[in-house]
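Hello,

Here is the structure you were waiting for. My notes on it follow below.

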Amino acid sequence: MLMDDVKKILISQEEIDARCKELGKQISEDYSDTVPVVIGLLKGSVPFMAELIKNITIDCELEFMAVSSYSGTESMGDVKIVKDLDRSIIDCDVLIVEDIVDTGNTLLKVKDLLYSKGARSVRVVSLLDKPSRRLVDIEAEYIGFTIPNEFVIGFGLDFNQKYRNLPFVGVLKEECYR
Ligand code: IMP
């Protein structure tokens, strides 16, 4: 069972659902005079994005991009666009959906890219924020939860592509890293 690898649950499904309601309300208010293009970064943002958009009560459009920067638990520092957008975002208000802001390298690169494609505004909503790990000066405008410097899995977050389907954010048992 997947659950046997979990050392502890950090954020429960109920807490995530409640926070998504608050974030959705805030985003709906902030974007009430526009139709934001909500861009999920594959694959980690999928469960969070699914929950969040149910709580966005204004018109919005959904898109996906895939970037890769990680291997195992260590950042490679290099961000590659694996799947680019297949539409124009010129003059669009873009909201990036991310699972976690860690070093910040991914977001810096993606934000720059979206501005270079002509976006009018680019903001970020992230389920998790790990500010103690930041290497570049970037912050998400909307944050679900700020967490300490621990490697987390679940609700989209993986270790070697595993554990994304856990319905909560948790910490892995040490023996599972080996
Ligand atoms: P950044 O570029 O260092 O901010 O890294 C962002 C990406 O690294 C996230 O989208 C995750 O895919 C991955 N990542 C960072 N920290 C964790 C973690 O604790 N668990 C799982 N993935 C993580």
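**Overall fold**

Residues 24 or more positions apart make up 67% of the chain's contacts with a separation of 6 or more; a contact means heavy atoms within 4.5 Å. This is a predicted model: local features need pLDDT of at least 70, side-chain atom pairs count only at pLDDT 80 or more, and totals for chains, interfaces and linings use all residues. Residues are numbered from 1 along each chain as its sequence is written, and side-chain values use heavy atoms, with hydrogens and water left out.

The chain has three helices and nine strands. Both are DSSP runs, numbered from the N terminus: helices are H or I with at least four residues, strands are E with at least two. From the N terminus, the order is β-α-β-α-β-β-β-α-β-β-β-β. The radius of gyration is 16 Å, close to the 16 Å from the globule rule for 178 residues, so the chain is as compact as a globular protein of that length. That radius is taken over C-alpha atoms, and the rule is 2.2 Å times the number of residues to the power 0.38. Along the principal axes, the C-alpha atoms fill a box of roughly 50 × 35 × 25 Å.

**Surface and burial**

Of the 178 residues, 49% count as buried. Buried means under 20% relative accessible area, exposed means over 50%, and partly exposed lies in between (1.4 Å probe, protein chains only). The chain exposes about 8,800 Å², and carbon and sulfur atoms supply 50% of that. These areas come from the Shrake-Rupley method with a 1.4 Å probe; for residues, only the protein chains shown count as cover.

M1, M3 and I9 form a nonpolar surface patch, with about 340 Å² of accessible area together. Patches take residues with over 30% relative accessible area and no salt bridge; like charges are joined within 9 Å, nonpolar side chains (Val, Leu, Ile, Met, Phe, Trp, Tyr) within 5 Å. M1 sits in the segment before β1 (6–11). M1 is exposed, at 78% relative accessibility.

**Salt bridges**

There are 16 salt bridges in the structure. Each is a side-chain nitrogen of Lys or Arg within 4 Å of a carboxyl oxygen of Asp or Glu.

- E150 and K8 pair at 3.6 Å, N to O. E150 is in the loop between β7 (142–146) and β8 (152–153) and K8 is in strand β1, so the pair ties together parts 142 residues apart in sequence. E150 is partly exposed at 21%, and K8 is partly exposed at 37%.
- E51 pairs with K54, with the closest N and O atoms 3.2 Å apart. E51 is in helix α2 (residues 46–53). E51 is buried at 15%, whereas K54 is exposed at 60%. Leaving out residues up to four places away in sequence, E51 touches D17 and C20.
- R87 pairs with E63, with the closest N and O atoms 3.7 Å apart. R87 is in the loop between β4 (74–83) and β5 (93–101) and E63 is in strand β3 (residues 61–71), so this pair ties together parts 24 residues apart in sequence. Salt bridges that share partners join E61, E63 and R87 into one network.

**Cysteines**

C60 is partly exposed at 26%. C176 counts as buried, at 17%.

Best wishes
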